[in-house]
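Here is a walk through one structure, from the whole chain down to single residues. Please look at the sequence and the fold below before reading on.

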Amino acid sequence: MKLNYTYILFLFFTIITSAQSTNDKIIEVDYEYSFIQVRANNNKYSYYEKLQLFPGKQLSVYDKITKNNSDNAATLKPNAQQGLEWNPKGKNLNTVFKDYKEGTTYLKDIIIPRFFVIKDSINIFNWKVTEEYKEILDYKCQKATTEFRGRNYTAWFTTDLPPGGPWKFDDLPGFILEAYSNDKDNYSWKAQSIRFNDLATINSAIFTNPFLEDKKYSWDEFKKLYKEKAIAADKFQYADGQVGGVVMRRMIKERYIEENDTDYTADKKYGIK
């Protein structure tokens, strides 16, 4: 018990000291986000994304790095086998806004062709911290693992920076510089660079939640709506009388429809995963 208590105290004072030294700073981290599209000949898709953490404001903003500051332009890492990509129009399609005072995460997810705003909790991960370490961008990082909504994920975090992380990842005693799924889809987020800037240099508009005026769905509400739309899409009737043919996935980065759910059968009927 003494060792555990000492370790907890160490983490507490490390985080407090780090937070005090970064309260007037912006921590900017560029990530490479990638995944394998198994349904598209195992092509690998890569994007560049940026996390801005504002420790003094207890906020973070995560978004895709775009061309000419356009919400609609994707920045893709060159890959000859990527093929065509659908780029829907709209604002804040890739933004993840975290409010640490509220303990909430806001972002959009899609039920084609419409996007919905989800209000989720930051504290949705059940991490298991291990005694494995490695260095990322000159920071000593510790390994943590979790099963999250259908996938097993691994994260590497450093206690030298305040808590935070890409996408929904969070709720560890430090900053997540790398995360990845342990499966064939291989979703991954890898920090490429870290910068510290003065808080006074930022436009204060970024501190306003961009989803304030939108209708918000809880994760459970979104899952229910997703399944309803998936069932309807399978039964869709075309102008020539043909029925079906629209198959929605049960899981992407997280699970929308449970594997043992028998209300939705289109994916299994057509052998699509």
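Two strands are said to pair if DSSP finds at least two bridges between them. Helices (H or I, at least four residues) and strands (E, at least two) are DSSP runs, numbered from the N terminus. This is a predicted model, in which local features need pLDDT of at least 70, side-chain atom pairs count only at pLDDT 80 or more, and totals for chains, interfaces and linings use all residues. Residues are numbered from 1 along each chain as its sequence is written, and side-chain values use heavy atoms, with hydrogens and water left out.

The secondary structure of the protein consists of three helices and twelve strands. Of its 273 residues, 46% count as buried, where buried means under 20% relative accessible area with a 1.4 Å probe, protein chains only. Contact means heavy atoms within 4.5 Å. Among contacts between residues at least 6 apart in sequence, 55% join residues at least 24 apart.

The twelve strands make an open sheet with mixed pairing, in the order 7-8-9-10-11-1-2-3-4-5-6-12. Strand 7 (128-136) and strand 12 (216-217) are at the edges; each has a single partner strand, so one side of each is left without a neighbour in the sheet. Helix 2 (residues 219-234) packs on this sheet and touches strand 5 (104-111), strand 6 (114-121) and strand 12. The direction of helix 2 makes about 5° with that of strand 5, on a scale where angles run from 0 to 180 degrees between N-to-C directions and axes are lines fitted to C-alpha atoms, for helices over the stretch in contact.

Strand 5 and strand 6 form a hairpin with two residues between them. They run antiparallel and are joined by eight bridges, and Asp109 stands opposite Phe116 in strand 6.

Ser34 stands opposite Ser46 in strand 2.

Technical notes. Buried < 20%, exposed > 50% of the residue type's maximum accessible area, 1.4 Å probe, protein only.
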